[in-house]
Amino acid sequence: MKISTKGRYGLTIMIELALHYGEGPTSLKMIAKENNLSEHYLEQLASPLRNAGLVKSVRGAYGGYMLSREPKSITASDVLRVLEGPLTIVEGMEEEKPAQQSLWLSIRDAVKDVLDKTTLQDLVDHENDEPRDSYMFYI
């Protein structure tokens, strides 16, 4: 399973909006600058997030984007499904042996469970935690 830059940057947008929840609109320009990302690319990601009802846009000089509801009611899964599509671990799984199919389904369900349980509020709260050792896992 691979999360593309669409999913990663989309979560970055949503975390930034969650950090500023209740303060009014946040510009993509500010998010791009603070995270060293392309503003143009973030604009492309904001549109599907808006169409899915996860964010609202405000026009004007002091415009930008805001979460459409509280950070605790939007999950990482909500964001990734909009930007990445459905969660698939292995393509052509039906051709695998039953034991392998079961393994892939278990992995998919575990990942889905984590994404479904992790809210934007959890990610914001994590931003304030002390840094932990990080591990890189390749599947």
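**Reading the labels**

Modeller: Let's start with Asn 36, which sits in the loop between helix 2 and helix 3. Keep in mind that this is a predicted model.

Biologist: What makes Asn 36 count as exposed?

Modeller: Its relative accessible area is 73%, and exposed means over 50%. So Asn 36 is exposed. Its backbone deserves a look too: just after helix 2, Asn 36 takes a positive phi of about 55°, although it is not a glycine.

Biologist: And Thr 75, why is that one called buried?

Modeller: The cut-off for buried is under 20% relative accessible area. Thr 75 comes out at 13%, so it counts as buried. You'll find it in the loop between strand 2 and helix 4.

Biologist: What is Thr 75 in contact with, leaving aside its neighbours within four places in sequence?

Modeller: Leu 115, Asp 116, Thr 118 and Thr 119.

Biologist: Back to helix 2, residues 28-35. How do you know that its buried residues are on the same side?

Modeller: The buried ones are Leu 28, Ile 31 and Ala 32. They cover an arc of only 100° around the axis, so they end up on the same side of helix 2. As a rule, an α-helix has 3.6 residues a turn, so residues three or four places apart point the same way.

Biologist: What covers that buried side, and which exposed residues are on the face turned away from it?

Modeller: The cover includes helix 1, helix 3 and strand 2. The face turned away carries the exposed Lys 29, Lys 33 and Glu 34.

Biologist: Strand 2 came up there. What makes you say strand 1 and strand 2 pair?

Modeller: Pairing needs at least two bridges, and these strands have four, in the antiparallel sense.

Biologist: Last one: why are helix 1 and helix 6 called roughly perpendicular?

Modeller: Their axes cross at roughly 75° and come within 9 Å. Angles of 65 to 115 degrees count as roughly perpendicular, so helix 1 and helix 6 get that label.

Biologist: Which residues meet there?

Modeller: From helix 1, Leu 11, Met 14, Ile 15, Ala 18 and Leu 19; from helix 6, Leu 120, Leu 123, Val 124 and Glu 127. By class, that contact has eight nonpolar, no polar and one charged residues.

Notes: Residues numbered from 1 in each chain as written. Predicted model: local features only at pLDDT ≥ 70, side-chain atom pairs only at ≥ 80, totals over all residues. Heavy atoms only, no water. Helix = DSSP H or I, 4+ residues; strand = E, 2+ residues; numbered from the N terminus. Buried < 20%, exposed > 50% of the residue type's maximum accessible area, 1.4 Å probe, protein only. Contact = heavy atoms within 4.5 Å. Arc of directions from axis to C-beta. Axes fitted to C-alpha atoms, helices over the stretch in contact; angles between N-to-C directions. Parallel < 35°, antiparallel > 145°, perpendicular 65-115°, else oblique. Nonpolar A, V, L, I, M, F, W, Y, C, P; charged D, E, K, R; others polar.
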